[in-house]
Amino acid sequence: MKLNLFERLITDNPVRASIQRNVEGPMLRKMGGRTDYPLCLEIGCGAGIGAQVISEQFGAQKIISTDIDPDQIKRAVENLPPELKEKVEFRVEDAMALDEPDEKFDAVFSFGVLHHMEDWKKALAEIARVLKMGGEFFFEEPLRPFLRNVLVRTLTAHPAGGEFDFNEFRNELQRNAISIMNMKRIKNIAIFCVGKKG
Ligand SMILES: C[S@@+](CC[C@H](N)C(=O)[O-])C[C@H]1O[C@@H](n2cnc3c(N)ncnc32)[C@H](O)[C@@H]1O
């Protein structure tokens, strides 16, 4: 589901970019299990800062960054520094039906994306499908109580199929043969996590 104007303004700005680059990227990097991740997929890339973080901090040689919204892909292409043009490929793709082969990627990244899915379980199954055995899934997501907050509900638009609590999410990871390697949970608000396939 595409972002409404409010959410686009809070995700596509220099403050959010700085947090992604200086807080979330380094934190997730430390939680991972490898020194590098040669081939990476990002779902819901938005304005493209995630692709830069993956390139700079995760030892990626090639990154495919995807989003369902062609306008977001256009912004991401415009924001990409010229020196990353060979390394990063942006594509319009639905994370619930990825146009990628099985077991292709060393890592998949979701920076605040699954809660935008009409069916987050479908997207998680797709992520598990395209990860290599031993590949890692890096993600940060808000949890149901946060999404049900009156202010959040008033200002943003999220599909009911994108809501989950921590236990539901952990069970679904297990069902898709992804085990949690490392996790930070901020109460019932959000999780930052790295899972490993197999
Ligand atoms: C909250 S934004 C996060 C953007 C970026 N990852 C960030 O952290 O700034 C969620 C993004 O997911 C995208 N999105 C929503 N539904 C999607 C889907 N089914 N498949 C792929 N991307 C989707 C939206 O267009 C939006 O760019």
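**View 1. Asn 22, an exposed residue of helix H2.** Asn 22 counts as exposed because its relative accessibility is 52%, where exposed means over 50% relative accessible area, buried under 20% and partly exposed in between (1.4 Å probe, protein chains only). Asn 22 is found in helix H2, residues 14-31; helices are DSSP runs of H or I with at least four residues, numbered from the N terminus. From C-alpha to C-alpha, Asn 22 lies 27 Å from Met 117 in space, and the two are 95 residues apart in sequence.

The model is predicted: local features need pLDDT of at least 70, side-chain atom pairs count only at pLDDT 80 or more, and totals for chains, interfaces and linings use all residues. Residues are numbered from 1 along each chain as its sequence is written, and side-chain values use heavy atoms, without hydrogens and water.

View 2. The ligand is surrounded by 22 residues, each with a heavy atom within 4 Å of it. The closest are Met 1, Arg 16, Gly 44, Asp 67 and Ala 95.

View 3. A polar contact here is a pair of N or O atoms within 3.5 Å. An N or O atom in the side chain of Arg 16 is 2.5 Å from an oxygen atom of the ligand. For the side chain of Gln 72, an N or O atom is 2.9 Å from a ligand oxygen atom. A polar backbone atom of Ile 68 is 3.3 Å from a nitrogen atom of the ligand.

**View 4. Residues of H5 that meet H8.** Trp 120, Lys 121 and Leu 124 in H5 meet Glu 168, Phe 169, Glu 172 and Leu 173 in H8, with contact meaning heavy atoms within 4.5 Å.

Key. Helix = DSSP H or I, 4+ residues; strand = E, 2+ residues; numbered from the N terminus. Polar contact = N/O pair within 3.5 Å; in protein donor to acceptor, adjacent residues only side chain to side chain.
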